[in-house]
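Visitor: I have a new structure to look at. Could you show me how to read its main features?

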Amino acid sequence: MARLLRSGFLKKSLFSSEGHRQGINASLLLSRNFAAKGGKKKAKSDGSDSGEENTSKRDLALHQAIDQIQSSFGKGAIMWLGRSQGPREVPVVSTGSFSLDMALGIGGLPKGRVVEVYGPEASGKTTLALHVIAQAQKNGGYCAFVDAEHALDPSLAEAIGVRTDNLLLSQPDSGEQALSLVDTLIRSGSVDVVVVDSVAALVPKTELDGEMGDAHMALQARLMSQALRKLSHSLSMSQTILLFINQVRSKLSTFGGFGGPTEVTSGGNALKFYASVRLNIRRIGFVKKGEEAVGSQVQVKVVKNKHAPPFKTALFELEWGKGISRDSEIIELAIKHKHITKGGGAMYYMGEEKFRGKDAIRKHFQENEGVMEELERKLREELMKRDEGGKSEDDGDDDEDDEVVVVNGEESEDVAAAVEA
């Protein structure tokens with residue numbers, strides 16, 4: 001009996017010691033686990049703290065670099081694009097043509113940029129430039145016309161609407177003189193539009209001093225390149241439109257193969273790169289009253305546009321001695337968008353009113369200017385909706401006319417010219 005009691009007591013003591021050891025081991029494992037987790041958390045916190053320290057160091061270094069640039073070159077030398085106080089939309093000046101303003105996508109020619117208008121002879125380049133001057137003068141701006149060709153007609157300018165008593169005119173002796181005075185006018189910051197007519201007539205002084213038949217390689221191209229490099233900065237600061245009128249020349253050898261451009265512009269390639277807008281203007285027909293031609297039908301293609309999608313086309317009429325016929329332009333667009341419907345014969349219907357012939361509609365517009373302005377507003381809203389991707393209910397199948405299926409002929413020349421630019 002005594003032996004049994006002793007053996008039981010020994011077993012209990014053994015079991016209690018083993019349990020105590022297991023408990024100690026479990027507590028040690030738990031403490032190790034907690035220590036490991038704590039170490040990991042500490043390592044993570046140390047990593048995030050180091051990342052924040054690196055970010056703060058980078059921000060501090062960037063701010064120091066910006067402060068150094070501004071102290072060296074002046075305030076505004078570098079800025080945050082989204083935080084700048086400048087206008088989001090580029091200010092514009094109307095071209096005088098409703099359809100061309102809509103084709104440009106921003107409502108006119110952008111201020112502070114270079115614009116090139118080129119095309120064959122008697123296509124309406126100077127007339128379009130004079131319309132831009134007239135629109136700028138309506139807004140209270142000053143304009144200058146550099147007549148390098150010595151061929152400006154004051155009576156035509158007055159008929160278009162230019163106030164000639166408030167227009168600066170220069171007829172320079174050489175290309176260097178013309179571009180120097182353009183630079184001076186732009187740096188003054190007080191002129192809204194400067195027109196140079198034309199690039200081909202900007203003859204370098206070396207060529208003028210030389211003899212007939214002397215070869216002068218790329219003198220005009222180097223002159224234009226240097227002038228545009230100097231003018232680009234002062235243009236953006238003064239918000240002046242610099243409009244170059246340019247002529248075209250036949251290209252005898254086309255290195256691009258079949259379908260390449262057959263015409264080139266004068267003055268080298270620099271103007272193609274510096275121009276924000278390039279307009280190709282051409283006469284496609286005549287406006288006749290009976291057997292007599294009284295004007296020309298003009299097509300303008302936006303070959304390059306940095307502010308909106310390019311390769312849009314505008315059609316309008318030029319009345320000889322008067323300029324762009326805005327009434328005819330609005331009437332044609334209103335017929336296309338079915339604000340004016342055509343009946344039998346020469347009858348036209350606008351709402352409840354009916355007119356016999358387009359001349360009657362023009363007379364109605366002249367007597368009621370508010371009707372024409374309201375029609376312009378409706379057409380502008382419809383065209384803007386179409387540009388944004390929407391399709392008006394009244395357009396019907398007219399959208400097919402805007403699609404270019406095959407690129408050939410003059411279209412290929414415009415595409416190739418835009419690729420070069």
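Guide: Start with one term. Contact means heavy atoms within 4.5 Å. Axes are lines fitted to C-alpha atoms, for helices over the stretch in contact, and angles run from 0 to 180 degrees between N-to-C directions. Helices (H or I, at least four residues) and strands (E, at least two) are DSSP runs, numbered from the N terminus. Now a case: helix H10 (residues 358-367) lies across S15 and S16 and runs at about 125° to S16.

Visitor: What kind of model is this?

Guide: This is a predicted model: local features need pLDDT of at least 70, side-chain atom pairs count only at pLDDT 80 or more, and totals for chains, interfaces and linings use all residues. Residues are numbered from 1 along each chain as its sequence is written, and side-chain values use heavy atoms, with hydrogens and water left out.

Visitor: What average pLDDT does the protein have?

Guide: pLDDT is the predictor's confidence in each residue, from 0 to 100. Here the average is 82, and 77% of the residues score at least 70.

Visitor: Where does pLDDT stay under 50?

Guide: One stretch is residues 390-413, with 24 contacts beyond four places in sequence in the model. Another is residues 415-421, with 15 such contacts.

Visitor: How do I read a sheet?

Guide: Look for pairing. Two strands pair if DSSP finds at least two bridges between them. Here 9 strands form an open sheet with mixed pairing, in the order S5-S4-S6-S7-S3-S10-S11-S12-S13.

Visitor: Which are the edge strands of that sheet?

Guide: They are strand S5 (167-170) and strand S13 (323-324), and each pairs on one side only. Take the S5 end. Strand S4 (residues 143-147) runs parallel to S5, and 4 bridges join them. Phe145 stands opposite Leu169 in S5.

Visitor: Which strands does H7 lie across?

Guide: H7 lies across strand S3 (114-118) and strand S7 (241-246). The angle of H7 to S7 is about 155°.

Visitor: What is the strand order in the open sheet of 3 strands?

Guide: The order is S14-S15-S16, with antiparallel pairing. S14 and S16 are the edge strands, each pairing on one side only.

Visitor: How are its strands joined?

Guide: Strand S14 (residues 341-342) and strand S15 (residues 347-350) run antiparallel, joined by 2 bridges. Thr341 stands opposite Tyr349 in S15. Their hairpin has 4 residues between the strands, and there Gly345 takes a positive phi near 70°.

Visitor: And the other pair?

Guide: S15 and strand S16 (residues 353-356) pair in the antiparallel sense over 4 bridges. The bridge partner of Met347 in S16 is Arg356. The hairpin of S15 and S16 has 2 residues between the strands. In that hairpin, Gly351 takes a positive phi near 70°.

Visitor: How do I describe two packed helices?

Guide: Begin with the angle. Angles under 35 degrees count as roughly parallel, over 145 as roughly antiparallel, 65 to 115 as roughly perpendicular and the rest as oblique. Helix H5 (residues 175-188) and helix H7 (residues 219-238) pack at about 15°, with axes 9 Å apart. H5 and H7 are therefore roughly parallel.

Visitor: What about handedness?

Guide: A crossing is left-handed if the near helix is turned anticlockwise from the far one by less than a right angle, and right-handed if clockwise. H5 passes H7 in a left-handed crossing. The contact includes Leu179, Val182 and Ile186 of H5 and Leu223, Ala227 and Leu231 of H7.

Visitor: How do the residues of that contact divide?

Guide: Ala, Val, Leu, Ile, Met, Phe, Trp, Tyr, Cys and Pro count as nonpolar, Asp, Glu, Lys and Arg as charged, and the others, Gly among them, as polar. The contact of H5 with H7 has 8 nonpolar, 3 polar and 4 charged residues.

Visitor: At what angle do helix H9 and H10 cross?

Guide: Helix H9 (residues 326-336) and H10 cross at roughly 115°, and their axes come within 10 Å. H9 and H10 are therefore roughly perpendicular. Their crossing is right-handed. Among the residues that meet are Ile331 and Ile335 in H9, and Ile361 and Phe365 in H10. This contact divides into 5 nonpolar, 2 polar and 4 charged residues.

Visitor: How do H9 and helix H11 cross?

Guide: The axes of H9 and helix H11 (residues 369-387) come within 11 Å and cross at roughly 50°. H9 and H11 are therefore oblique to each other. The crossing is left-handed. The contact includes Ile330 and Leu333 of H9 and Leu375 and Leu379 of H11. Its residues divide into 6 nonpolar, no polar and 3 charged.
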